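Have it open beside you and take the points in order.

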Amino acid sequence: MRRIISILMENEPGALSRVVGLFSQRNYNIDSLTVAPTEDQSLSRLTLITDGDDARIEQVTKHLNRIVDVVKLIDLTGGAHIERELMLIKLKATGAQRAEVLRVVEIFRGQVIDQTGTSYSIQLAGTSEKLDGFLAAVSDCKVLEVARTGVTGISRGTKVLAI
Amino acid sequence: MTGETTEQAELLSGGEMLIRALRDEGVEIIFGYPGGAVLHIYDAIFHQEDVEHILVRHEQAATHAADGYARATGKPGVVLVTSGPGATNAITGIATAYMDSVPLIVISGQVESRMVGTDSFQETDMVGISRPIVKHSFMARNAEEIPTLVKKAFHIATTGRQGPVVIDIPKDTTDPRVKAPYVYPDEIPMRSYSVPEKGHPGQIRKAVDTLLQARRPMLYSGGGVIQGEGAEALTRLARLLGFPITNTLMGLGAYPASDPQFLGMLGMHGTYEANMAMHYCDVLLCAGARFDDRVTNSDPSKFCPDATILHIDIDPASISKIVNADIPIVGPVASVLEDMIAEIERRKAGPDAETLKIWWDQIDRWREKDSLRIPESENGLIKPQQVVKLMHELTGGDAFVSSDVGQHQMFAAQYYGFDKPRRWINSGGLGTMGFGFPAAVGAQFAFPDAVSVCITGEGSFLMNMQEFATCMQYQLPIKIICLNNQALGMVKQWQDMQYGGRYSHSTYAESLPDFVKLAESFGHVGIRIERPGELREKLSECFSLKDRLVFVDVLVDPDEHVYPMAIKGGAMKDMVLSKTERT
């Protein structure tokens, strides 16, 4: 089962490599990973996607908690949550395709952030499925480049991951 | 660091701060080897007498010696090595300590900060290389933070599930020309690190309910009970309940081996009765052990099929990792066991005596198998088991016994009979050949007046024999008992049992050194024992030479196997009992 684990950790050199190293050491998967400092510069928030049954995820979270730099973590998929991924995509678009691309961008509530006579650069945020859906919708165009951030997320309601 | 303390604080260089911080942490002894990146630190060592530095002959030996010191005393071991090869040589010792949860502080020199990352001379990414085998690691950014890093390192290494911590120190941070105020903090708050202080009372009550209702109970304890100073509480609990108990390889000595409730070691080379009782028990209390594959026999689904499993561990990640725990209790083992005892005493209850007697009768029938009986010698050669038994007799069972890895290790574990914790020092998790001799060095420094024995094999011994020189320099009267079977015995045993006796690279009889002369060349005493008839006399002679290192080369039966031995892929009840007998 797909899981989104969000981790607050010390914003220290080596902290990220300890988290990533744990996954390779113990043969766990990382499907995506995103990390940046929080409003408190001494903390980073890292969100990653992994998969596994309950027993495996229990081991993953226990081992993550064992890392000295890890302050706190949450399995967002354990409750109601909001997840988002950002995608920047550069498409080749000429002639009649140009209007078609703009229509699809509008349907998916994306934004054109750059253009040339033969291409569009588009920004799109949403769940990973939505981004996949957009890529399918523009599959007639030649995709020149895709940059996806990986998923980040937050719990719904008053529940927070903070110290 | 606050302004007011700065005014009073003494000005020290980073190198001086490091040594001062070790002193303030109560460190009396460190094991190390100098080199370019740590020369400032070695100069600081030269100018003081609080912390004694022991010069070993290889960095791996420094880590094992500090490890042996830590296991014998319960105090953290401290290692100092230089950058590059010094650091990489320490890696095997760090991994050894990590696998057995031994508190070590490994201080490694590093090239100057400005050179880091430039592939400079003797540079290696120590923090990176050691990352998967340390509890935590630090790299010093400046001299001022060295005391704080030392404080944190000791706190992390010695609390919770213990383990090695690396402090990597770039040479510029120890520059004698750069002085800063030295303040050793009393406490370091760490928001990201906390350890459980007590077991959950509800879980403890549930565990006691289950134990008191057990019909076929079994206690299984591991190294955590020794590391967590829980041996005394474990012994009281076992006696209070009258339950059978087994120890893992790492847990030997946590319960007195001479006590009738003790069924011996369990697992791959455990006794018949311990493994049978494990398999057929209905309630299993595991204290400070981690269901290692050398216990569960590689297929956890066949492990203790009828048992309700109670698991006490300070590390939540150990619980339900291999075998699902029905009643997990996270907490320090000594405190949890004390709480269990208190709960049983409060209830004024005990297990049903009649039911328990039926279980003990069964166990006694298993015991009749006498799975550790020593086979008769058919070829007039010494049986290795005999040597260990005699060692027990001659040392009163009270020596610090370290071992290397292989058949001799198992014979030592099976036949020495440890009655006290911290007497048995061996590399259980990583299985590091070459561990025993330097570990005996550490134990001897910890207890200069005690008998420190290393049981080894000629294969393992050759891996760290350079420490003969260290022992001469410091006049360490270690006793080395080498069960010489002229082969890598355990490899050969597996080749006998699983590879049709094809001894691929496990024999080398024609190229072994003359160990007596080897020991003598370093200034020590060497004794060779070839026949059973001279065993007692010559082994007694060895232990009578109180002030000398004695290497005893005992030629043992090269065809001897370690039994019982678990049948691969089977349950715990499935064992090979001798060359001709299986369960």
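Predicted model: local features only at pLDDT ≥ 70, side-chain atom pairs only at ≥ 80, totals over all residues.

**Notes on the two chains**

1. Strand β5 (residues 81–92) of chain A pairs with strand β7 (residues 119–126) of chain A in the antiparallel sense, over eight bridges. If you want a spot to check, look at A:Lys90, whose bridge partner in β7(A) is A:Ser121.

2. β7(A) also pairs with strand β6 (residues 111–116) of chain A, again antiparallel, this time over five bridges. Here A:Asp114 stands opposite A:Ser121 of β7(A). There are two residues between β6(A) and β7(A), and the two strands form a hairpin. As background, strands of a sheet pair through backbone hydrogen bonds, either parallel or antiparallel.

3. Now for where the chains meet. How many residues does the contact take from chain A and from chain B? It takes 17 residues from chain A and 12 residues from chain B. On the chain A side, α1 (15–25), α2 (54–66) and β4 (70–75) each supply at least two residues. α2(A) gives the most, with six residues. By class, the side of chain A that touches chain B divides into five nonpolar, six polar and six charged residues.

4. On to the cores. The largest nonpolar core has 203 residues, and B:Leu18, B:Val79, B:Ile105, B:Ile167 and B:Leu284 have the most contacts inside it. Take B:Leu284: leaving aside neighbours within four places in sequence, B:Leu284 is in contact with B:Met218, B:Tyr220, B:Cys304, B:Ala307, B:Ile309 and B:Leu310. There is also a second, separate core of 13 residues, including A:Met87, A:Val101, A:Val105 and A:Val138.

5. Six strands form it in the order β16-β15-β17-β18-β20-β19 (chain B), with parallel pairing. Why is one side of β16 (424–425) and of β19 (525–529) of chain B left without a neighbour in the sheet? Both stand at the edges with a single partner strand each, so one side of each has no neighbour there. Further in, strand β18 (residues 479–484) of chain B is joined to strand β20 (residues 550–555) of chain B by six bridges. One pair to look for is B:Asn484 with B:Leu555 of β20(B).

6. Two helices lie across strands of that region. Helix α15 (residues 384–394) of chain B lies across β17 (452–456), β18 and β20 of chain B, at about 160° to β18(B). Helix α17 (residues 436–446) of chain B lies across β15 (400–403), β16, β17 and β18 of chain B, at about 170° to β17(B).

7. The crossing is right-handed. α11(B) contributes B:Tyr272, B:Glu273, B:Met276 and B:Ala277 to the contact, and α14(B) contributes B:Ile363, B:Trp366 and B:Arg367. By class, that contact has five nonpolar, no polar and two charged residues.

8. Helix α10 (residues 231–241) of chain B has these buried residues: B:Ala231, B:Ala233, B:Leu234, B:Thr235, B:Leu237, B:Ala238 and B:Leu241. Their cover includes α8 (201–213), β9 (217–221) and α13 (333–347) of chain B. Just after α10(B), B:Gly242 takes a positive phi of about 70°.

9. Finally, some backbone spots to check. Most residues other than glycine have a negative phi, and most peptide bonds are trans. B:Lys348, in the loop between α13 and α14 of chain B, has a positive phi near 50°. B:Arg422, in the loop between α16 (407–415) and β16 of chain B, has a positive phi near 70°. Which are they, buried or exposed? B:Lys348 counts as exposed, with 6 C-beta neighbours inside 10 Å, whereas B:Arg422 counts as buried, with 21 C-beta neighbours inside 10 Å. The peptide bond from B:Tyr563 to B:Pro564 is cis, with omega near -10°, and B:Pro564 is found in the loop between β20 and β21 (565–566) of chain B.

Methods:
Residues numbered from 1 in each chain as written. Chains lettered and ligands numbered in written order. Core = buried A, V, L, I, M, F, W, Y, C linked by C-beta atoms within 7 Å. Buried ≥ 20, exposed ≤ 12 C-beta atoms within 10 Å, placed from the backbone. Contact = placed C-beta atoms within 7 Å. Helix = DSSP H or I, 4+ residues; strand = E, 2+ residues; numbered from the N terminus. Nonpolar A, V, L, I, M, F, W, Y, C, P; charged D, E, K, R; others polar. Pairing = 2+ DSSP bridges. Axes fitted to C-alpha atoms, helices over the stretch in contact; angles between N-to-C directions. Left-handed = near helix turned anticlockwise from the far one by under 90°.
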